[in-house]
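Please look over the sequence and the model below before reading on. The report that follows takes up a few local features and then turns to the chains and their contact.

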Amino acid sequence: MTTPEVAESRRNANSLMRHLPALRKTVGLVLLAALAFAFLVPILWMTVMSFQEGGKMFNLRTEWIPAVWHFENYPNAISRAPFVQYFINSGIVSVTVMAGNVVFCTLAGYGLAKFHFRGSGLVLLLILSTLMLPLEVTLVPTFLIVHKFEWINTYQGIVAPLLIDAFGVFLMRQSIISIPSDYIEAARIDGAGELRILLQIIVPQCLPALSVLAIFSFRDSWDQFLWPLTVVSIDRLRTYPLGLVQFGEEYGNPATEQMAIAVLATLPVFLLFMILQRSINRGFGLSGLK
Amino acid sequence: MVELTSSEPYQHGGLTGPPPVARRFWQIHHRQRIRLWGIAFVLPTLMFFAVFKYGPMMWAIELSFNSYDMVSTPYFVGLDNYRSLAADPIFRETLINTFVYIAGSTILTTVIGLSLALAINTGIPGARHCMTAMFLTNLMPIIAVCLVWRFLLHPYGLVNQILQPLGFGRIDWLTSSSTAMPAIIMVTVWRFAPYFMVIFLAALLALPEDYYEAAELDGAGAIRRFIHITLPLLMPTIFFVVVVSALLCARIFLMPYLITGGGPGNATRVLSMLIYETGFSYLKMGQAAAISVVLFTIMMVFTALQIRLFARSEQVYM
């Protein structure tokens, strides 16, 4: 085929794609929306049940619209156990872990992406291989180490083993590696210090990756159950997952109120996601999505 | 570049007596100084991992040859911990459960994650919002996931309410040993498939468009385009997703712990639960460390695969 012919047929193919029959588009959208809705059902169920009357959670037919909206489930649940304290504890832990990951993963990622010192390949390998050593694997000795530091039942004890994650280091390294080194060299010639280069040249260009890192490190520490369960034995330092499980085990606590706490626990993560959403999409490489 | 900086050129010897530390630092070659910065940036992370990853791992290996109950001093028992594990039917069952769980969850999350990504990538307007909605399952606190699904999988719960009109009987999802593991896997897929959907979607968006245009001109249908173009190009991503999913599933703890408590019997007990129970309920730290070493070995295989992938690809994954 000659070039104009190719261009012509391409244009036809494109216009065919663009002017997909409206019906097909609508059907596709309806199917897709139904699929997305199916995934959301458990989240909706949790939300509806948090407003339901105590006994109705175990009805043979799920009542999707409460006859009476029991908003008091929320204050009732919070008053039955020190959930305010639990949420504050979780907040302190999660924000610290998130900050730790953002700072140290950026530093290490930058160091591994743009500096070539002897053994830097080995260092990357050493860091990546910690992926096979999650807390679930090293639980017993990590507990013994934190015990040696006398950090049992302290905030630093809960936070310390979670502070840096190898995935974050790798994510930041991959993001920084694509920034042209010429920028860094030019800044050095202009006399900028290394820390200033990092803060003013590197960080602004890897905000999408940083957002991905922020949401995942926040979610992971907000979700953390096994480690606080192991290292905390006093009520004052419990994080909300421990409080919530205990709340469910205590006799007489309505399950609807458990759902209310679950909804409250979901909000911070969804909120952070909404704030960072645009940037997260770019971090994942989804900017081209319609 | 070196000449442009204010520092003096590096001087070999010639100085009488050691110069003050500060002066010597400034005399280090410009490039070397930059290199030192690089090391300084990496050092905190490396030290952290030495204390909280490699240290504990070494200690676990050492502990696995000892008997230790946290009260009396540990004493050497050789391979006794491993021998008693090999003879323990519960350990064997747990090990098999872990593999079944990893295999089942990984296969299903990969297939469903890819299918979802293909569905989103059809160019239907509004698909982006559907993707965001599905991704929320991955952000919901895992504890809330477990509590909600425990109710949904109740004999009178929503799952059975939906299935019954379709001709299914009432299934005792969590209390029957044949359905408990599939139920946990189902929850896992619900939780993780949308995450891998996002990774697949990023890979799909990065595929070169002209291949498809050429194939369309040649009259290849959608299915043939998928098999001959999309699938081969996606192979690295599929491999990546399989490995990451296996790593995630190998360490699963909370889902079986909260949804079934490892039951009925030991039907859903996995290695991480056994480590916690052996170590902190029975205070058999040496035995727990031996199980850790087993789990660590499993994870090492997947990690080695993953590092090979990382070495090859320049794509950013999380």
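B:Leu283 lies in the loop that joins helix 12 to helix 13 (285–312) of chain B, where helices (H or I, at least four residues) and strands (E, at least two) are DSSP runs, numbered from the N terminus. This is a predicted model, in which local features need pLDDT of at least 70 and side-chain atom pairs count only at pLDDT 80 or more, while totals for chains, interfaces and linings use all residues. Residues are numbered from 1 along each chain as its sequence is written, and chains are lettered from A and ligands numbered from 1 in the order in which they are written.

Two residues other than glycine have a positive phi, as the table lists.

| Residue | Phi | Other C-beta atoms within 10 Å |
|---|---|---|
| A:Glu150 | near 60° | 9 atoms |
| B:Leu283 | near 55° | 13 atoms |

A:Glu150, in the loop between helix 6 (139–148) and helix 7 (155–159) of chain A, is exposed, whereas B:Leu283 is partly exposed. A residue is buried if 20 or more other C-beta atoms, placed from the backbone, lie within 10 Å of its own, exposed if 12 or fewer, and partly exposed in between.

In chain B, the peptide bond from B:Gly263 to B:Pro264 is cis, with omega near -5°, and B:Pro264 sits in the loop between helix 11 (254–260) and helix 12 (271–281). Chain B has 13 helices and two strands, and 43% of its 318 residues are buried.

The contact involves 89 residues of chain A and 84 residues of chain B, two residues being in contact if their C-beta atoms, placed from the backbone, lie within 7 Å. Helix 2 (residues 22–49) of chain A gives the largest share of the side of chain A that touches chain B, with 13 residues.
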